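Hello,

Here is the structure I promised to pass on to you. Have a look at it first, and my notes follow below.

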Amino acid sequence: MISCEGLHVTFNRGLPTEKLAIRGIDLTIPMGEFVTVIGSNGAGKSTLLNTIAGDIKSTKGKILFGDRDVTKLPATGRTADIARVFQDPLAGTCGDLTVEENMALAYGRGQRGRLSSALNSKMRNIFREQLSRLNLGLENRLESQMGLLSGGQRQSVSLLMSALQPSSILLLDEHTAALDPKTAALIMDITSQIITEKQLTVMMVTHSMRQALDHGSRTIMLHEGKIIFDLSGTERAGYEVKDLLNLFAQAKNDGEELDDDKLLLGA
Amino acid sequence: MSLFSFMGTLELGLIYGLVAIGVYLTFRILDFPDLTVDGSFTLGAAVTATLIVMGVNVFLATLIGTLAAACAGLVTAWLNLRFNILHLLASILTMTALYTINLRVMGKPNVALIMEPTILTPFEGLFGLPDMYMRVIFVAVCAVVGGLLVAWFLRTQYGLAMRAVGSNKRMAQANGIVVKQKVYAGLALSNGLVGLAGALFAQTNGFADSTMGIGTIVVGLAAVIIGQSLFASRSMYVIVLSCIVGSVLYRLAVSLALNADFIGFSASDLNLITAVLVALALIFPKLRNEWKAKQAARNEA
C-alpha cells in the first residue's frame, strides 16, 4: 500500500528559478490496486513517481509503504519494495553489459553487493525461461550486448527485469510511449500478465487517455502539482475518452482559462 | 636491443601493467577519468621507500604504500561525490596536492634504496636463476595475479554492480545499487593498484623520486588502448590481461624506437613517441573498420 500525506515538492527552493512541482497531494493506494496517472506536460506526474521511488526528496509531507514511513529513505533503500520501468528504453538497462548481466543486476535487487559470482546456471535458467515469454527469441541471446538490441527489445527486457525479484509496488513511467504500436501492445500485454501474477500495487503514468481507461481500476489526473480528479469503480467504468477530456476542461476552467493542453491530451 | 635491456623493458612493461589495469577501472569501468594516478604512483613509491629506509619490513612497507595511494583515490572520489567537483578537475586537484605531499613524505626530492633490502631480496638466487630473469618473473607474477584478482572481482555481484554504475547510474540506483559506494571503492582499488606499481617500481629500480609519476596516466591509457585494439573480447579475464600485454607492447615499441639508430631518437623524444603510439593505436581500429566496410561494399557490387 502506498500513502502520500500532504506531499509537497519544490525544485530550486529559495532560488529565482523556484518551481512548485507538487503542491499538496494526499493519495492512498490500497494493496493490489492499479492506478493510471494522467495529466499534461509539467503537471507533476513523473515528479510524483520519482518522489515515491525516492529519486526526488519531498520538501513537505510524508510517504508511507504500508505503515512504514519511507519519507527519509533514499532511492536505493526503497528498491526492495519498488520495481520501476522508465519511459526511455535506454534508461532501464545498461547498454555496455550483456542481457544476462543486466538481468543478474535486477535479480540481485535489494540485496547487498556480494563477492560471490554474479551469474550462475540457476540464474541463467530463470532468465531463459522469463525471456521466452516475450517470443522475441531473446532466450538464445543471453550473452548479447544489451546495446545491440532494439529499443522495443530493451524495454521488454526492462519489464521482465522489474519482475525478477519479489516487490510489492511497480512504477511505470510512460513505459510504452517510445515504442511502435505493435511493440507497445506487446509490452502492455506482458505488463498486465505480470501485475496479475504478482498481485502488484501499480502506478502507471501515461499520455494516452485510452490506455488510462483500459487498464487498471482507478484513474487520477494531475494538474499543476495537484490531483484534480480521482475516478474509480462504476463511475469510471462508464467513462469514455471524451468524458475524460470534458472533465479535464471543466476542472481547469474552475481556476483559469483553458489552453492548448487539450491537444497534448488527445487519445 | 641487448638481452639485458630487453629484460629491463619487459620488467617495466609488467609493472606498468598494474597501472593500466587501474586506469582501465576508472576510465572504462567507472567512466571516471582519473588523473590522480600521476600522484598516487609516486605516493606508493615514496611511502614504501621512506618506510624501507626507516627499517620497516619490506612487505609491510609495500602494503602501506599501496593503501596510501588507495586513500588518494578516496580523496578524489570525495571531492567529486560530496562537492560535485567535475571528476577530471577533482583528480587534478588531488594530483597537484600529492606533489607536495610526496616531497613531505620523503623529506627530500628523492630516496635511494641501493643498499636497502627490497621486496626482491628474499627471491634473490632462488632456483639459481640470474637476477635479471628472477626480477622479470617476480613482477610478471605480481601483475598477472593482480590482473586475475581484478578480473575475478569484476565478475562478482559487487563488481557487476560497479560496472553498472559506470554504464547507467539511474538504472544502477533503481536496482538498489549504492552508486557513491561503488565509485569510492573503484577509485580506491584503481589508485591502490597504481600505488602498488609505484612501490614495485621504486624497489626494482632502487629509488623513489618526486617527479617519477609524471605522465603515468598517458602510459596507462596507452597500454589500455593498445591492449583493447588488439584483443576484442567481452571476457573480463581477456580484457584485464590485455591491459598488461598492451603495457608490455607499449614499452617494447618505445624501446625499439629509441634503440633504432637509423631513426636517431634520443631519450628526450620519449613523449613524442608516446603520443604517436597512442594516436596510432586509436587510429588503427577505425581505419581497419573503414577498410572492411569498403571491402564489403566492393563485394556486393
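What is the chain over residues 238-257 of chain B, helix or strand, and how many Å apart are the end C-alpha atoms? Before I answer, please keep in mind that this is a predicted model. That span of chain B is 100% helix and 0% strand, with its end C-alpha atoms 28 Å apart. Residues 183-202 of chain B are 100% helix and 0% strand as well, and there the end C-alpha atoms lie 28 Å apart. Both spans come from the UniProt record: an unreviewed entry annotates "transmembrane region" in chain B at residues 12-30, 50-76, 83-101, 132-154, 183-202, 214-231, 238-257 and 263-284.

Now for chain B as a whole. Its secondary structure comes to 11 helices and two strands. Starting from the N terminus, the order of elements is α-α-α-α-β-α-α-α-α-β-α-α-α. The C-alpha atoms of chain B fill a box of roughly 70 × 55 × 35 Å along the principal axes. The radius of gyration of chain B is 20 Å, which agrees with a compact globule, because a globule of 301 residues would have a value near 19 Å. Of the 301 residues in chain B, 50% count as buried. If you take the contacts in chain B between residues at least 6 apart in sequence, 78% of them join residues at least 24 apart.

The largest nonpolar core has 155 residues, and the ones with the most contacts inside it are Val19(B), Ala20(B), Ala164(B) and Ala197(B). Leaving aside residues up to four places away in sequence, Ala20(B) touches Gly220(B), Ala223(B), Val224(B), Gly227(B), Cys243(B), Ile244(B), Gly246(B) and Ser247(B).

Next, the place where the two chains meet. In total, 24 residues of chain A are in contact with 19 residues of chain B. On the chain A side, α2 (75-78) and α3 (99-107) each supply at least two of the residues that touch chain B. The most comes from α3(A), with four residues. By type, the chain A side divides into nine nonpolar, 10 polar and five charged residues.

Finally, a strand in chain A. Strand β8 (residues 201-205) of chain A is mostly covered too, with five of its five residues buried. Thr201(A), Met203(A) and Val205(A) point one way from β8(A), while Val202(A) and Met204(A) point the other way, and all are buried. Which strands does β8(A) pair with? One is β3 (residues 34-38) of chain A, which pairs with β8(A) in the parallel sense over four bridges. Within that pairing, Thr36(A) has Met204(A) as its bridge partner. Another is β7 (residues 169-173) of chain A, which runs parallel to β8(A) and is joined to it by five bridges. There, Asp173(A) has Val205(A) as its bridge partner.

Happy to go through any of this with you.

Best wishes

Notes. Residues are numbered from 1 along each chain as its sequence is written. Chains are lettered from A and ligands numbered from 1 in the order in which they are written. This is a predicted model: local features need pLDDT of at least 70, side-chain atom pairs count only at pLDDT 80 or more; totals for chains, interfaces and linings use all residues. Two residues are in contact if their C-beta atoms, placed from the backbone, lie within 7 Å. Ala, Val, Leu, Ile, Met, Phe, Trp, Tyr, Cys and Pro count as nonpolar, Asp, Glu, Lys and Arg as charged, and the others, Gly among them, as polar. A nonpolar core is a set of buried Ala, Val, Leu, Ile, Met, Phe, Trp, Tyr and Cys residues joined through C-beta atoms within 7 Å. A residue is buried if 20 or more other C-beta atoms lie within 10 Å of its own, exposed if 12 or fewer, and partly exposed in between; C-beta atoms are placed from the backbone. UniProt positions are given in the numbering used here, feature names are shortened, and annotations may be inferred rather than shown by experiment. The radius of gyration is taken over C-alpha atoms; the globule rule is 2.2 Å times the number of residues to the power 0.38. Two strands pair if DSSP finds at least two bridges between them.
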